[in-house]
Amino acid sequence: MNNICVYCEIDGGIVSDVSLELISKAVKLAAELKCEVEAVAIGSDLKNIEDQISPYGAHIIHISDDKRLYPYTTLPHSAIFEHILKEQKPQIVLVGATSVGRDLAPRIASSLRCGLTADCTDLVIGEYFDPKTGKEYKNLLYQIRPAFGGNIIATIVNPETKPQMATVREGVMKKEGADKNFKSRINTVNPSKILDKVDFAVKIIERHIEARKVNLSGTQVIVSGGFGVGSKEGFSLLYELARVIGGEVGASRAAVDAGFAEHARQVGQTGVTVRPKLYIACGISGAIQHRAGMDGSAQIISINTDPEAPINSIADVAITGDLHSVIPKMIKYYKEQSK
Amino acid sequence: MAFRIIVLAKQVPDTRNICGDAMKSDGTVNRAALPAIYNPEDLNALEQALMIKDKYKDTEIIILTMGPPRAADIIRESIYRDADKGYLITDKRFAGADTLATSYVISKAVEKIGNYDLIISGRQAIDGDTAQVGPQTAEKLNLPQVTYAEEIISVGKGKIRIKRRLERGVEVVECTLPALVTVHGSASPCRPKNSKLFMKYKHAKTFTELQTIDDDYLNQTIRNKAYLNIEELTLDDLDCEFEKIGLAGSPTKVKIIENVILQGKDSKVIGDKDIDIKNLMHELITNHTLG
């Protein structure tokens, strides 16, 4: 019966955080819709993979295990995922907005002829009234995302087509506490019946996957810089502050686009979503896409020469001043008082 | 060896400059009210095609774009950089399309152009950042797709080798042709316009644009030179099912558009004097936020 289905991204035998976060979210949505959560695990050497997924509350896990299914390539994964979706007919499908998910989800949505919304920052169940047809719909998925340069927030619905598909970036949803005793039902999906020779049009010749150098989502203190930092050299001040107070350096999209910081440090809708204990925004004006990635921080300090900067409206402390003089003072007084 | 390459490019509103009246009441964007630019990653895509043409001179690059009449700029901008020709898909009946309806129409235009080895597009457009039209077009055409391409390493008989830029590393893949490739912004930037090509093609116009040229001599000159005519494709030229196009063919509906309203928090505003910063750091240490 029309459940919520989550695609699990698996690399090196590890189910990615974004997939587990989505299962946690799906469990909440399913409680509201009175349906179940199904997880899909496609890959190679998946023995005991359910041990990583079950604790988050997926009622059913579909497992398709074949040595040709790792590393991920588009066509074999979409063939199997599509097969499962056609069989199970879920009402909602959630996929991580990673380079895998953003490759897979649109292909699936196209072949199922259903709607897909990328990079949602929130998912809510609600009603919809179509003003053109006068039809009313209950229990639709609101797919909420900023659009057009962050000047607006759009709520998207797919009233007539199922499944309703959405991708969500890592860190946007919260991974809930795991229950080791939760048991999922396992459904084995035989890939050899589904896959065809033409599905192997793409061959992987080389693959260098690097461990993440920057781990923003796991950091408690983030010193983040925007375009206002002014230069790549200007960022060295932020690194110094982060080093002294024990944090990591983040950046806004404007700073990354300007080449001040590498993309892995980007906080926001198209970067990483963070929830640290302390977020220090230096020279960041605070566009909605940026705020979407950090407004869950426990405490926000903003340093900006412009007292009217939008970031100040969500800051706990707004320092009106030039970061180039404020940060050295922060370093100095932290060192002085932390002994 | 030579290849026939279709480059999908889009004219996008410069989303950095959206002003209040740029949205229509139905939630779609009033593109006419915004400055229009060549979508940045589509320029990266064009460069990859041009690099293949540098190597294999007889390669033909065909630009395919979809949008209002003024999107013909994209074709001119591409021809100034040595693309061979272009088609503009334009028809009010296609308006309001989401990525699914858009990719359907594009796939129909690609089928009409036909006989291609490769389709290249940017990974995503800055107005939506969805990265969906590439893979969806590939699916509609039943082609393999390679997304997040940073470099086309080599292209040969029935095969292409591509370096992909992923979040956490790189991958080199080999794919059979024909295929659809989407190019990441980390790929080589596009070359500038060539001044000779610019002089030759600056009057290239679509049929719709010709209607607005009152200068009879210029109008006639353009009409007489086939290379100055940019072809338009409307619904009548494409074999589309009516219920799959435009707003009606789009499964996603915009329920509501909300303007971003800043929610005021009780923020403490402080200055940058030494005593202010000293007190702040003291507070952060004593309440265990730091250390």
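An open sheet of four strands runs in the order S8(A)-S9(A)-S10(A)-S13(B), and its pairing is antiparallel. Helices (H or I, at least four residues) and strands (E, at least two) are DSSP runs numbered from the N terminus, and two strands pair if DSSP finds at least two bridges between them. The model is a predicted one, in which local features need pLDDT of at least 70 and side-chain atom pairs count only at pLDDT 80 or more, whereas totals for chains, interfaces and linings use all residues. Residues are numbered from 1 along each chain as its sequence is written, chains are lettered from A and ligands numbered from 1 in the order in which they are written, and side-chain values use heavy atoms, with hydrogens and water left out.

At the edges of this four-stranded sheet stand strand S8 (122-129) of chain A and strand S13 (253-259) of chain B; each has a single partner strand, so one side of each is left without a neighbour in the sheet. On average, and with direction ignored, neighbouring strands of the sheet are turned by 35° against each other. Angles of this kind run from 0 to 180 degrees between N-to-C directions, and axes are lines fitted to C-alpha atoms, for helices over the stretch in contact. The two chains meet within the sheet where strand S10 (residues 152-157) of chain A pairs with S13(B) in the antiparallel sense over six bridges. There, Thr155(A) has Ile256(B) as its bridge partner in S13(B). Helix H1 (residues 17-33) of chain A lies across S8 and strand S9 (136-147) of chain A, and runs at about 30° to S8(A); contact here means heavy atoms within 4.5 Å.

S11(B) is joined by two bridges to strand S12 (residues 229-233) of chain B, and the two run parallel; Lys205(B) stands opposite Asn229(B) in S12(B). In the loop between strand S9 (169-176) and S10 of chain B is Pro178(B), which a cis peptide bond with omega of about -5° joins to Leu177(B).

Strand S14 (residues 221-225) and strand S15 (residues 248-251), both of chain A, pair in the parallel sense over four bridges, with Ala251(A) of S15(A) as the bridge partner of Gly225(A). Between them the chain passes from S14(A) through helix H5 (residues 235-245) of chain A to S15(A), in a β-α-β crossover that is right-handed; this handedness applies if, with the strands pointing away from the viewer, the path from the first strand over the helix to the second runs clockwise. Strand S17 (residues 299-304) and strand S18 (residues 317-320) of chain A are likewise parallel, over four bridges. S18(A) is in turn joined by three bridges to strand S14 (residues 268-270) of chain B, and these strands run parallel. Ala318(A) stands opposite Val269(B) in S14(B).

Helix packing provides a further link between the chains. Helix H8 (residues 323-337) of chain A and helix H8 (residues 274-286) of chain B pack at an angle of about 50°, with their axes 9 Å apart. H8(A) and H8(B) are therefore oblique to each other, since angles under 35 degrees count as roughly parallel, over 145 as roughly antiparallel, 65 to 115 as roughly perpendicular and the rest as oblique. Their contact has eight nonpolar, two polar and five charged residues; Ala, Val, Leu, Ile, Met, Phe, Trp, Tyr, Cys and Pro count as nonpolar, Asp, Glu, Lys and Arg as charged, and the others, Gly among them, as polar.

Within chain A, the axes of H5(A) and H8(A) come within 10 Å and cross at roughly 20°. H5(A) and H8(A) are therefore roughly parallel to each other. The residues of their contact divide into 11 nonpolar, one polar and two charged.
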